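Subject: Structure handover

Hello,

Here is the structure you asked about. Please open it alongside this note; my findings follow below.

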Amino acid sequence: LESALADRVAEVRREDPFSPLTVVVGCNILAAHMRRVLAERAGGLFNVRFATFADLASSIAWEGGLVRGAAAPPFADRVIVGELVSSGKITAALGESAKTRGFAEVLSATFSDLAEAGCAPREAASVLGNHAARARVGEKAALTLSLYAEFRERMEALGGDIHTRFAAALACPLGESPGKHILAYGFYDFN
């Protein structure tokens, strides 16, 4: 794969030696490794940026003007979920489940799944505000959506998280900073 990427970067550079080129990798350690490998093979790199999907999304959202400032502090999501679980807002529908060990982690994973599916607080609120839709989803799902809406609002108030960055990146045009070519390297799946 390293040789294939080196060949593709060289090909792009022959077409346009000065424009920005972004290589998306799975983690920052791989970015550092590939930066070194490609620089050694090519005798140096100019205007080649290695980024994770999260880095790229943040850059696009920033350039598009849809996010400003720092994201929420690390582990803010865990603190907020813990506060929601202990707040007394969990009714009998989830009451017994909420008493089990690991409930906060499961709730947090559910919130992450909802965010990855593109569910924003306004979508959750529209289901909760529509009596027919609320009845169809059931009491447990309605409570989960209500907790999720509060969770997302609190995360956004703290500066948002990676889900905020991804949603913002999808909502704005691709700017110039990533360049005309964006290459993906080293992924075995996109889950």
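Helix α3 covers residues 53–63, and its buried residues are Leu56, Ala57, Ser59, Ile60 and Ala61. Buried means under 20% relative accessible area, exposed over 50%, and partly exposed in between (1.4 Å probe, protein chains only). These buried residues of α3 pack against β1 (21–24), β2 (48–51), α9 (162–170) and β3 (181–184). Contact here means heavy atoms within 4.5 Å. After α3 comes Gly65, with a positive phi near 75 degrees.

A note on the source. This is a predicted model: local features need pLDDT of at least 70, side-chain atom pairs count only at pLDDT 80 or more, and totals for chains, interfaces and linings use all residues. Residues are numbered from 1 along each chain as its sequence is written, and side-chain values use heavy atoms, with hydrogens and water left out.

Now the whole chain. It has nine helices and three strands. Helices (H or I, at least four residues) and strands (E, at least two) are DSSP runs, numbered from the N terminus. The order along the sequence is α-β-α-β-α-α-α-α-α-α-α-β. The radius of gyration, taken over C-alpha atoms, is 21 Å, well over the 16 Å that the globule rule gives for 191 residues, so the chain is more spread out than a compact globule. That rule is 2.2 Å times the number of residues to the power 0.38. The C-alpha trace spans about 65 × 35 × 30 Å along its principal axes. Of the 191 residues, 37% are buried. Among contacts with a separation of 6 or more, 79% join residues 24 or more positions apart.

Best wishes
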